[in-house]
Structures are given as C-alpha cells and as structure tokens.
Amino acid sequence: MGMIIQEALFLLSCIYILLRSYSAVEAAVGVCYGRVGTNLPPPSEAINLIKSIGVSRIRLFNPDPEALQPFAGTGIELLVGVPNEILPTLANSPVTISMEWLQTNIFAHVSPNQVKYLAVGNEIFLKDPFYSPYIVPAISNLYQAIQTLGLATSIKLSSSHASTILSNSYPPSSGVFNSTIRPFLLPFLQFLRDTSSPLMVNVYPFFAYINNPQYVSLDHALFRSSYVEYDQNLAYDNMFDASIDAFVYAMEKEGFEGIPVMVTETGWPTAGIDGASIDNALSYNGNVVRRALNNVGTPKRPGVGLDVFLFDLFDENGKSGEEFERHFGIFGDNGIKAYDIRFN
Ligand SMILES: *[C@@H]1O[C@H](CO)[C@@H](O)[C@H](O)[C@H]1NC(C)=O
C-alpha cells in the first residue's frame with residue numbers, strides 16, 4: 001500500500017515538474033518605442049519610465065544610435081528593426097556587408113546578448129512593395145552573418161507584416177494571403193520554417209472597429225464580450241484571437257504548418273475618435289498583457305503564449321494622419337502616464 005502511495009507521489013511530482021517547465025516558457029510582452037515626435041523625453045528618461053512599469057522588452061523601429069546606446073547594460077531585451085531602405089544593399093552585397101552593417105549599426109551600441117529579434121523590413125508587402133523582392137535575399141544574408149557571429153540561436157530574424165496581407169481573415173478558418181504577394185511570401189515562409197523563426201504581424205482590432213462600427217462589436221474588440229462566435233468548433237470571444245488564427249490558417253493553406261506567430265504591434269489609442277478612450281485603451285492593452293503573461297494562446301493554439309509588443313510607449317506628435325494616430329501612447333505628453341498598466 002505504502003509503495004503505491006510513494007509511486008503515486010513520485011508520479012505527481014514528475015507531472016508537477018513537467019508542468020512547471022512548460023509554464024516557465026512564459027510569453028514576453030514588450031512595448032514599441034516609436035520616436036516620431038518632438039514631445040518625447042530623452043532616451044535615458046524613457047528607459048526610467050520603461051523600468052517603472054516593469055517592461056523588459058522594447059521594439060525599436062530603427063537602430064538610431066542615440067536611442068539604442070542608452071539601452072546598453074540595462075538588461076532590457078530588444079527587437080531592432082532593419083529599415084526597409086537598407087534591404088536592397090544587404091540583398092545585393094556579400095554576407096560580409098551584412099556583418100559590417102550589424103556590427104556598425106547595432107552591436108557597436110548594445111551587446112548582442114540584449115538583442116532577441118531583428119525585424120528585417122516593416123510592412124513591406126502591399127504597403128511598400130518596391131522592397132518585396134529584397135526581403136528574402138537580405139534576411140538570408142543577415143542570417144548567415146548572425147550564424148557566423150555564433151548568434152543564430154539567440155537572435156531570431158523575421159519581417160513584420162500588416163494584417164492587410166490577408167485578403168480574407170474572417171472567420172479565421174477562411175484566412176488566406178493576398179495572392180499577389182505569393183512569389184515573395186512563399187520563400188519567406190520557407191525561410192521561417194528552415195530557421196524556426198516566427199511570422200511577425202501587426203494586428204489592430206481597433207482599425208477593424210473604426211472602419212466597420214456597424215458590424216464589429218466594440219466589446220468583442222476589447223476582450224469584454226460574453227458572446228462567442230464558433231468557427232470549425234473553435235470558440236472565439238475576441239477579435240485579437242481571430243486575427244492571429246487567421247494567419248495560422250493562411251500559412252497552413254500555403255503548406256506551412258507549425259510556424260509560430262508573434263505580434264510586433266498591437267494597441268488602442270486613448271483619444272481622437274469615437275471608441276478611442278483611456279478606459280478602452282486600458283481594457284484592450286491590459287487584456288493583451290494579461291493573456292500573454294498567462295500563456296493563454298488562441299483557440300487554434302491554446303496554451304501557446306505569443307510574444308507581443310504593444311504600440312506605443314509615447315504619444316508621438318509627429319505622426320501624420322488622423323488625430324488618433326497621435327494618441328497610442330501608454331505615456332502621453334512629456335512622459336505623463338496615460339493609464340495604469342503593469343507588465344509583471
Ligand atoms: C491584393 O492586393 C492588391 C495589390 O495591393 C489589391 O489591388 C487587391 O485588391 C488585393 N486583393 C484582395 C482580394 O484583397
């Protein structure tokens with residue numbers, strides 16, 4: 001009898017250790033540090049604000065030395081953007097040029113240990129299509145450079161894409177890529193598979209809501225709906241999950257199963273249009289953070305935490321376009337906190 005109890009206890013402790021090791025791979029939540037404005041505090045002050053709310057990951061859209069350098073030694077992990085404009089040069093030059101570019105523009109300022117991701121180009125497909133042919137050749141050269149530097153296991157390379165590269169995303173199982181990008185998309189997905197890298201996507205249920213307020217429920221967009229929509233027996237109670245899974249289905253249709261998705265931008269503004277408010281921004285962003293930290297995953301990939309970057313650290317007064325574009329900040333003008341959100 002005692003033996004059986006002992007064995008049962010042993011088994012239970014094994015299960016406990018196993019579960020703990022799974023939950024240890026907790027998804028990380030970061031924040032985008034956009035710098036298009038004259039109202040922003042200097043980077044050293046920004047870093048104090050970042051630390052004050054417990055953020056341990058930051059996305060820099062460009063490797064500006066004056067923004068990058070102050071992160072050195074802070075322990076804050078970085079996703080650094082490789083600007084669209086440099087892709088043709090990296091694509092058309094030998095790997096040594098990619099190596100030099102990385103050394104000069106990134107590793108001269110921060111230790112490679114702090115860099116977790118490179119986003120090679122931002123929203124190129126359909127939005128900046130001149131650069132589409134250069135994504136894969138550039139990312140391949142950068143990957144070889146990273147490999148040569150012995151960093152291929154610690155730094156993941158991908159490219160960020162807008163949700164508009166899906167020509168259909170609702171319901172999620174009907175997710176499909178716009179066929180015009182296939183010649184450049186398929187080799188890109190192949191690169192992600194070969195290097196075990198994630199698809200990076202920028203998703204904004206906010207835009208779905210403001211573009212179709214008569215069809216899209218605000219509560220569904222803000223994670224506070226009790227209403228559930230079913231798609232192939234999977235239950236969706238929010239639009240964020242549906243947007244992510246649409247990408248998963250779209251990749252499967254192209255023959256690419258199992259590629260992780262990460263969110264390189266998502267957010268909700270505090271002002272500037274109906275539906276934008278401090279309460280709504282807190283509700284949306286707060287739920288995104290909580291769900292990532294708890295590895296909630298999505299209906300199609302339950303329990304698989306997604307790395308997420310919230311947009312944006314500051315209200316950026318230099319952003320063009322509609323008024324709300326200048327109100328995505330967790331911190332408003334002059335570093336005043338817009339609402340209370342914590343990341344740990
Ligand atoms: C696909 O992209 C092209 C080029 O931007 C656009 O003209 C077309 O409307 C898109 N197709 C769909 C179905 O969204």
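Trainee: In which handedness of crossing does helix 6 pass helix 7?
Mentor: Helix 6 passes helix 7 in a left-handed crossing. Keep in mind that this is a predicted model.

Trainee: What are the packing angle and the axis separation for helix 6 and helix 7?
Mentor: Helix 6 covers residues 135–148 and helix 7 covers residues 182–194; they pack at an angle of about 20°, and their axes are 9 Å apart. Angles under 35 degrees count as roughly parallel, so helix 6 is roughly parallel to helix 7.

Trainee: Which residues meet there, in helix 6 and in helix 7?
Mentor: From helix 6, Ile 135, Val 136, Ile 139 and Ser 140. They meet Phe 184, Pro 187, Phe 188 and Phe 191 of helix 7. By class, that contact has 7 nonpolar residues, 1 polar and no charged.

Trainee: And helix 5 with helix 6, what angle do they pack at?
Mentor: About 70°, with the axes 8 Å apart; helix 5 is residues 95–107. Helix 5 and helix 6 are therefore roughly perpendicular to each other.

Trainee: Which residues of helix 5 and helix 6 meet?
Mentor: Val 95, Ser 98, Met 99 and Leu 102 of helix 5 meet a set in helix 6 made up of Asn 141, Leu 142, Gln 144, Ala 145 and Thr 148. The contact of helix 5 with helix 6 divides into 5 nonpolar and 4 polar residues, with no charged ones.

Trainee: Changing topic. Which residues are around the ligand?
Mentor: Leu 126, Ser 167, Asn 178 and Thr 180. By class, the shell around the ligand has 1 nonpolar residue, 3 polar and no charged.

Trainee: Now the backbone. Which peptide bond is cis?
Mentor: The bond from Tyr 170 to Pro 171 is cis, with omega near -10°. Pro 171 sits in the loop between strand 6 (166–168) and strand 7 (176–177).

Trainee: What is phi for Ser 196, and where is that residue?
Mentor: Phi of Ser 196 is positive, about 50°, although the residue is not a glycine. Ser 196 lies in the loop between helix 7 and strand 8 (199–202).

Trainee: Is Ser 196 buried or exposed?
Mentor: Ser 196 counts as exposed, because it has 12 C-beta neighbours inside 10 Å.

Trainee: And Asn 233, what about its phi?
Mentor: Phi of Asn 233 is near 70°, a positive value in a residue other than glycine. Asn 233 is in the loop between strand 9 (229–231) and strand 10 (234–236). With 6 C-beta neighbours inside 10 Å, Asn 233 counts as exposed.

Trainee: Where is Phe 61, and is it buried or exposed?
Mentor: Phe 61 is in the loop between strand 2 (57–60) and helix 3 (65–68). It counts as buried, because it has 20 C-beta neighbours inside 10 Å.

Trainee: What is Phe 61 in contact with?
Mentor: Leaving aside neighbours within four places in sequence, Phe 61 is in contact with Gly 34, Gly 81 and Asn 122. The C-alpha atoms of Phe 61 and Leu 118 are separated by 9.8 Å, and the two residues are 57 residues apart along the chain.

Trainee: Last one. Where is Glu 316, and what does it touch?
Mentor: Glu 316 is in the segment after strand 12 (308–310). Not counting residues up to four places away in sequence, Glu 316 touches Gly 34, Val 36, Gly 37 and Arg 326.

Note on methods:
Residues numbered from 1 in each chain as written. Predicted model: local features only at pLDDT ≥ 70, side-chain atom pairs only at ≥ 80, totals over all residues. Near = placed C-beta within 6 Å. Nonpolar A, V, L, I, M, F, W, Y, C, P; charged D, E, K, R; others polar. Axes fitted to C-alpha atoms, helices over the stretch in contact; angles between N-to-C directions. Helix = DSSP H or I, 4+ residues; strand = E, 2+ residues; numbered from the N terminus. Parallel < 35°, antiparallel > 145°, perpendicular 65-115°, else oblique. Left-handed = near helix turned anticlockwise from the far one by under 90°. Contact = placed C-beta atoms within 7 Å.
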